[in-house]
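Below is a briefing on one chain, grouped by topic. The sequence and the structure come first.

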Amino acid sequence: MDEAMTGSEYLCTLQPPSTSAFAQGLLSRRVACQQAGFELDSTGLYPPHVSVTGFFEATQHQAAEICALAQTELAAALAPLAALPPDSGEGSGGGGADLGR
């Protein structure tokens with residue numbers, strides 16, 4: 001069977017840019033938890049993220065279409081935030097947007 005027609009298992013996740021203040025805050029807290037002995041499972045193997053789907057089966061072409069649609073929808077949803085000043089990441093309770101700048 002053609003590789004493009006064979007289904008594989010996928011999972012959609014969202015994760016902040018690794019250089020963003022938000023991601024850096026999460027990672028520093030992860031390190032603190034690990035140093036305190038709280039690494040009980042394999043979640044530390046992955047960057048901070050949110051799973052937005054369960055696992056699903058799709059062909060490579062279908063998965064690429066899903067990624068393109070998600071990218072378009074997220075860009076449209078985040079566009080208004082691009083005009084906001086960056087959030088300091090110091091617990092200000094919101095107000096700005098840190099989009100990996």
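T6 sits in the segment before β1 (8–10); helices (H or I, at least four residues) and strands (E, at least two) are DSSP runs, numbered from the N terminus. This is a predicted model, in which local features need pLDDT of at least 70, side-chain atom pairs count only at pLDDT 80 or more, and totals for chains, interfaces and linings use all residues. Residues are numbered from 1 along each chain as its sequence is written, and side-chain values use heavy atoms, with hydrogens and water left out.

**Overall layout**
- The chain holds two helices and four strands.
- Along the sequence these elements come in the pattern β-β-α-β-β-α.
- Of the 101 residues in the chain, 8% are buried, where buried means under 20% relative accessible area, exposed means over 50%, and partly exposed is in between (1.4 Å probe, protein chains only).

**T6 and S51**
- T6 has a relative accessible area of 33% and is therefore partly exposed.
- T6 and H61 are 55 residues apart in sequence, and their C-alpha atoms are 9.9 Å apart in space.
- S51 belongs to strand β3 (residues 50–51).
- S51 is partly exposed because its relative accessible area is 42%.
- Between the C-alpha atoms of S51 and C12 the separation is 6.0 Å, although the two residues are 39 residues apart along the chain.

**Helix α1**
- Helix α1 (residues 21–35) has 15 residues and should span 21 Å at 1.5 Å a residue, which agrees with the 21 Å between its end C-alpha atoms; the expected span is 1.5 Å times one less than the number of residues.
- Q24 is part of helix α1, and it counts as partly exposed because its relative accessibility is 40%.
- After α1 comes G37, which has a positive phi, near 90°.

**Second largest pocket**
- The second largest pocket has a volume of about 320 Å³.
- A pocket is found on a 1 Å grid over the protein atoms alone, as an open set of points where a 1.4 Å probe fits, with protein on both sides within 12 Å along at least five of seven lines; lining residues have an atom within 4 Å of a point.
- Its lining has 15 residues, and T13, I66, C67, A70 and Q71 are the ones nearest its centre.
- β2 (13–14) and α2 are the elements that give two or more residues to this lining.
- The largest share, eight residues, comes from α2.

**Nonpolar surface patch**
- L14, V50, V52, L74, L78, L81 and L84 form a nonpolar patch on the surface, and together they have about 530 Å² of accessible area.
- Patch residues have over 30% relative accessible area and no salt bridge, and nonpolar side chains (Val, Leu, Ile, Met, Phe, Trp, Tyr) are joined within 5 Å, like charges within 9 Å.
- A salt bridge is a side-chain nitrogen of Lys or Arg within 4 Å of a carboxyl oxygen of Asp or Glu.
- L84 lies in the segment after α2 (60–78), and is partly exposed, with a relative accessible area of 32%.

Technical notes. Accessible areas come from the Shrake-Rupley method with a 1.4 Å probe; for residues, only the protein chains shown count as cover. Grid points are joined across faces, edges and corners, and a volume is the space filled by probe spheres set on the points.
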